[in-house]
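Dear colleague,

I am passing on the structure we spoke about, and below it you will find what came out of looking through it. Please read the notes with the model open beside you.

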Amino acid sequence: MALIYSENFSRGFRVLEHRLAFLLLPLIIYVFNLNKEGIKKMLPYLAYGTLFSCVLCNFFQIYEYGEPFFKYAKFLVSPLDIDPTYLGLYIGFTVVFIVDSISKNWYILVLKILTILYLFIFLFYMGSKISVLIVSLLLLIKVIRYKPQNRNLKIVMIATLIFGFFISFNIPYAQRLFYKPIIKMVSGDSSYLFYDRDIIWNCSIEAIKDSIFLGYGTGDDIDVIKDCLQLNNFDISRDHNAHNQYLSALLRFGILGLLLLAIVFFDLYKKNNSVFTIYFIAIFSVSFLTESVIDRNKGILLFVFVYSLIKIRSLR
């Protein structure tokens, strides 16, 4: 409906084209008639695929440069042609799978803890701040909720989290990207932490104030913040989205868009309030703070895929 009052039909139709996954992917999963056991097996495949992809990136670095982490950020994940933030979401679900299948067998436990530690360090080298935050929160939730008969297991998990942060302190790139900006933010300078996203957020908020009820329509959300960004010396020859899913919803659909996002999460939790559903809501609701995740294909596919698995499982 928001396309009706959009002034940029071309971009609006492209947005709708991307959104087709919201209709087609659940339909495909439903047609395959997966039972609950079949749906449960899908997440391990996602986790193993993500882990293999990370290892592949390291092997590529070793082959090209002789070291597994010679280059950082988008250069580290260049063989996958994916933005670090989106790979970070896949890693988040991989960690969910690992921590939700913690074993009392010490050999398997050690292997899984080493895998979590590897993925945690990979996130720091990849440079996605929000992904590091999400995985840290997931691990903390698991540590708090986990009540093993052997208390040593809990101690090992806590030690793994602490050790992961300790290692990251010794990664020069992590110091520059994570810790120094945090110190600067405490002193009142947030530009290093958010890399000018705070300017984009402020421009988006100013635009929202002028059309808070209906928004500007599908396709116009990028255009309405261009003038403000130009005043702040941004290169407007390329498009800048709001880098915040909540602000994107407000820009396009107004308050109704924000309510629809809330309803999606609330309805999912009401129909299936499992621990995995809570993890799903936590991962995406936090990632929405710094990225317009479901405005890009890689984010849409992951969101719709996992959402569909949870939703269809609750129906069967």
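A crossing is called left-handed if the near helix is turned anticlockwise from the far one by less than a right angle, and right-handed if clockwise. Helices (H or I, at least four residues) and strands (E, at least two) are DSSP runs, numbered from the N terminus. This is a predicted model, in which local features need pLDDT of at least 70 and side-chain atom pairs count only at pLDDT 80 or more, while totals for chains, interfaces and linings use all residues. Residues are numbered from 1 along each chain as its sequence is written, and side-chain values use heavy atoms, with hydrogens and water left out.

The protein has 16 helices and zero strands, and 48% of its 316 residues are buried (under 20% relative accessible area, with exposed over 50% and partly exposed in between, for a 1.4 Å probe and protein chains only).

In the pair formed by H5 (residues 84-99) and H6 (residues 106-126), H5 passes H6 in a left-handed crossing. Residues of H5, among them Leu87, Ile91 and Val95, are in contact with residues of H6 that include Ile116, Leu119 and Leu123 (contact means heavy atoms within 4.5 Å).

Elsewhere, Thr277 lies in helix H15, which covers residues 275-287, and Thr277 counts as buried because its relative accessibility is 0%. Leaving aside residues up to four places away in sequence, Thr277 touches Leu268, Tyr269, Asn272 and Ile310, and its C-alpha atom is separated by 9.4 Å from that of Val306, 29 residues apart along the chain.
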